[in-house]
Amino acid sequence: MEFVKLTRENIEKENICCAISNNKDIQVMSKKNWLRERLEEGLVFLKGNVRGKCFIEYIPVEYAWVPIEEEGCMYIDCLWVSG
């Protein structure tokens with residue numbers, strides 16, 4: 001399976017899986033704005049190039065939304081697989 005990595009350069013044209021709608025939808029715009037900010041913190045958003053939802057979001061643990069005292073680890077923010 002191929003994976004597509006979301007970047008600042010392709011965020012506008014890529015579907016973000018968890019909010020399937022058009023780019024003018026407020027939920028999609030909000031999520032993409034949030035993602036842009038998190039990309040600067042090292043967030044990785046990979047989606048499977050398949051039909052259905054298949055993606056993972058992970059970020060360095062120091063930027064996780066939950067308090068974790070660890071260094072050099074990644075925090076899985078979201079993982080979704082469905083057909």
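This is a predicted model: local features need pLDDT of at least 70, side-chain atom pairs count only at pLDDT 80 or more; totals for chains, interfaces and linings use all residues.

Does arginine 38 count as buried or exposed? Arginine 38 counts as buried, because its relative accessibility is 14% and the limit for a buried residue is under 20%. Arginine 38 belongs to helix α1, and, leaving aside residues up to four places away in sequence, it touches Leu43 and Ile59.

Helix α1 covers residues 26-40, and at 1.5 Å a residue its 15 residues should span 21 Å; the C-alpha atoms at its ends are 22 Å apart, which agrees. Its buried residues are Val28, Lys31, Lys32, Leu35, Arg38 and Leu39. Viewed down the axis of α1, these buried residues fall within an arc of 125°, so they line one face of the helix. The cover over them includes β2 (44-48) and β3 (53-60). On the face turned away from the buried side, α1 carries the exposed residues Ile26 and Glu40. Just after the helix, glycine 42 adopts a positive phi of about 105°.

Next, the loop between β1 and α1, where isoleucine 16 is found. Isoleucine 16 counts as buried, because its relative accessibility is 1%. Not counting residues up to four places away in sequence, its contacts are Leu6, Val28, Lys31, Lys32, Leu35 and Phe45.

I now come to the charged pairs. Side chains of opposite charge can pair when their charged atoms come close. The count here comes to 6 salt bridges. In one of them, glutamate 40 meets arginine 8 at 2.9 Å, N to O. Glutamate 40 lies in helix α1 and arginine 8 in the loop between β1 and α1, so this pair ties together parts 32 residues apart in sequence. Both glutamate 40 and arginine 8 are exposed.

What is the setting of lysine 31 and glutamate 57, buried or exposed? Both residues are buried, and they form a salt bridge whose closest N and O atoms are 2.9 Å apart. That pair links helix α1, which holds lysine 31, with strand β3, which holds glutamate 57, across 26 residues.

Finally, the surface: Met1, Phe3 and Val50 make a nonpolar patch of about 330 Å². Of these, phenylalanine 3 is found in strand β1.

Notes: Residues are numbered from 1 along each chain as its sequence is written. Side-chain values use heavy atoms; hydrogens and water are left out. Helices (H or I, at least four residues) and strands (E, at least two) are DSSP runs, numbered from the N terminus. The expected span of a helix is 1.5 Å times one less than its number of residues. Buried means under 20% relative accessible area, exposed over 50%, partly exposed in between (1.4 Å probe, protein chains only). The arc is that of the directions from the helix axis to the C-beta atoms. Contact means heavy atoms within 4.5 Å. Patches are made of residues with over 30% relative accessible area and no salt bridge: like charges are joined within 9 Å, nonpolar side chains (Val, Leu, Ile, Met, Phe, Trp, Tyr) within 5 Å. Accessible areas come from the Shrake-Rupley method with a 1.4 Å probe; for residues, only the protein chains shown count as cover. A salt bridge is a side-chain nitrogen of Lys or Arg within 4 Å of a carboxyl oxygen of Asp or Glu.
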